[in-house]
Amino acid sequence: MSNPWIAIGALALVGVLIPLGMMSVSALLRPSVPEDSKRASYESGEVPTGNTRIRFNIQYYMVALLFVVFDIETVLIFPWTVIYGDAVDAVGLGPALLPMVAFIGILAVGLAWAWRNGAVRWIRSPRAQQELTE
Amino acid sequence: MAAIELPTWAALAPALILAATALVLFLIDSIESEPDTTSPVLLTAVGLAGALGALAFNVWYLIADTGQNAPIELFGGQLMVDGMTLVLGTIVASVLALVVLASYDYIADDPYQAEYFSLLFLAATGMTLLGSVDSFVTAFLALELSSLPSYALVAYLKDNQGSVEAGLKYFLIGALSSAIFAYGISLIYGATGSLQFDAVAAAVDPTALPGILGVGIVMVAGGVAFKTAIVPFHFWAPEAYEGAPTPISAFLSSASKAAGFILAFRIFTTAFPIEAVATTIDWLVLFQALAVVTMVLGNFAAATQESVKRMLAYSSIGHAGYVLIALAALTPTANADLVLGAGMLHLLVYGFMNTGAFLFVGLAEYWDVGRTFEDYNGLAQEAPIASVAMTIFLFSLAGLPVGAGFLSKYVLFGAAVGAGLWWLAAVGAIASALSLFYYARVVKALWIEEPSQDFEIDTYPVGLYAAIIVAAVVTVLLLPGFGLVSEDAIAAAGALL
């Protein structure tokens, strides 16, 4: 009549002991070879330039947001097209077609607005331009 | 009673009108010849038409008893329209109309006006929908629809550091509380296997998984507490209200708060009725404690403020505490219709008087008067009509019988006493007495103190003045008209229980 939680506790204990044991054993056994390139960040074999705090152009986010518009659209339109024929037979043309027209219409208004207000116009960064010419 | 037979989906007309207005505003902004050249008059006119149209539908449905005998269910029970939906719709649409009118002057010199108005309407759509949600999924979606545009609106003055900081803080805390709310929903689904409010109530089994259900209920309460700025989720409110454009502060502190409370009323009466979940978690005790803490903390913090706008922000937290009495006093001995109805009535009256008070601060900002109590010294000599209106708002907020704030507080505290919670009403009364002190400081500055500066007031903005005067007139008219609206509100509450 032992408590089943004892097994869980034992598993947790082993789970903590094994990595700790492996790390301490290797710390005792391994030779110490200090070297600079070991501390450098790994960039797929390239020599790293600069640090990680780079500013991204805000327009990447605009493009990502517009991508979400089309992404969601696709996710919802695909199943709709698959059942469209059956749906027209079952409920008629209007109830099958109109909700999707309204949905795409709302998306289109959003896209037209974003387009008109320059969300897809790629603005060049003055700083990058300057660095390019120097 | 129905003179005209409408299809069932027409019950959502108020929300549909608001959403359509937002899209029309986007379209207007897309087809203008040059960016930012649309006349503000056109935008305000479209906005006002949309808000008044939604208001007209709400009032019509309230009078025609749409969905009040039996709730109208839509989309397989995901949405429903009943009396409480329409009461909330009325509050949101009225506040929205006032805010649109006042924004005409307030943002007259700022760019992106069409976006401002359409975000306002999208947020209002979400708030209106919050009154008609009948499952946790739609509740979460409507909550997000009302929150996301609000974050952008708070940061609308994007060259103003205070506005941007307020927007960022509001967004971060809002995102955190959305996460808490969504996690709470998932726990409730895990415990009950359902997301529909009434199905959750039917499936609640206090013996199976009581811990998961209890934590879920507390997390949902936390998500709602954020939306309504209840202690301990209140700390975004003073920052956001102070930094935001003042019409937006008015909108958030009145309409958004009302929407959050109506959602709380719906969830905690329909999904977690106290008799079903009392053994898991007694949310009556939870809300009683939160109501006391919120009333005391909100009012004491308001009393120590130097800036009038920040004082109003803290007083708005205090008022959230008063309305929370409506949930805290749902004891078995209480007259439940009266308690909940009183909460809704206070939200309605508060919508007008608080919006008006914030808009007066907006008027003062328009004139560059300054932010502190001293800066308002002697303003009544320059703007007597607006100052009379502000005096009405402040005394009504404090609970003096110049506006309907007196009656709604009286009914609320009376209902709490009737529920056997005389101590809760006593805390409320003491907090109200304290609030009179700091509200009176503004009135004293306006009327009695000598001006400490030369006001440079050369124009009297029409939109702001009209909004303030309409709000004042409605605040006063609700005093004799209280019986009419209270009937509807108490009937709406009765339908819920």
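**A helix pair in chain B and its surroundings**

In this predicted model, helix H14 (residues 336–366) of chain B packs against helix H19 (residues 462–477) of chain B at an angle of about 155°, with the axes 9 Å apart. Axes here are lines fitted to C-alpha atoms over the stretch in contact, and angles run from 0 to 180 degrees between N-to-C directions. H14(B) and H19(B) are therefore roughly antiparallel, a label for angles over 145 degrees. The residues that H14(B) brings to the contact include Phe352(B), Gly356(B) and Tyr366(B), while H19(B) contributes, among others, Leu464(B), Ala467(B) and Thr475(B). Residues are in contact if their C-beta atoms, placed from the backbone, lie within 7 Å. By type, this contact holds 12 nonpolar, 4 polar and no charged residues.

Stepping back, chain B contains 20 helices and 2 strands, which are DSSP runs (H or I, at least four residues, for helices; E, at least two, for strands) numbered from the N terminus. The C-alpha trace of chain B spans about 70 × 55 × 45 Å along its principal axes. Of the 497 residues in chain B, 60% are buried, that is, with 20 or more other C-beta atoms within 10 Å of their own. Among contacts in chain B between residues at least 6 apart in sequence, 82% link residues at least 24 apart.

Chain B also meets a partner: 6 of its residues are in contact with 7 residues of chain A.

Residues are numbered from 1 along each chain as its sequence is written, and chains are lettered from A in the order in which they are written. Local features need pLDDT of at least 70, side-chain atom pairs count only at pLDDT 80 or more, and totals for chains, interfaces and linings use all residues.

Technical notes
Contact = placed C-beta atoms within 7 Å. Buried ≥ 20, exposed ≤ 12 C-beta atoms within 10 Å, placed from the backbone. Parallel < 35°, antiparallel > 145°, perpendicular 65-115°, else oblique. Nonpolar A, V, L, I, M, F, W, Y, C, P; charged D, E, K, R; others polar.
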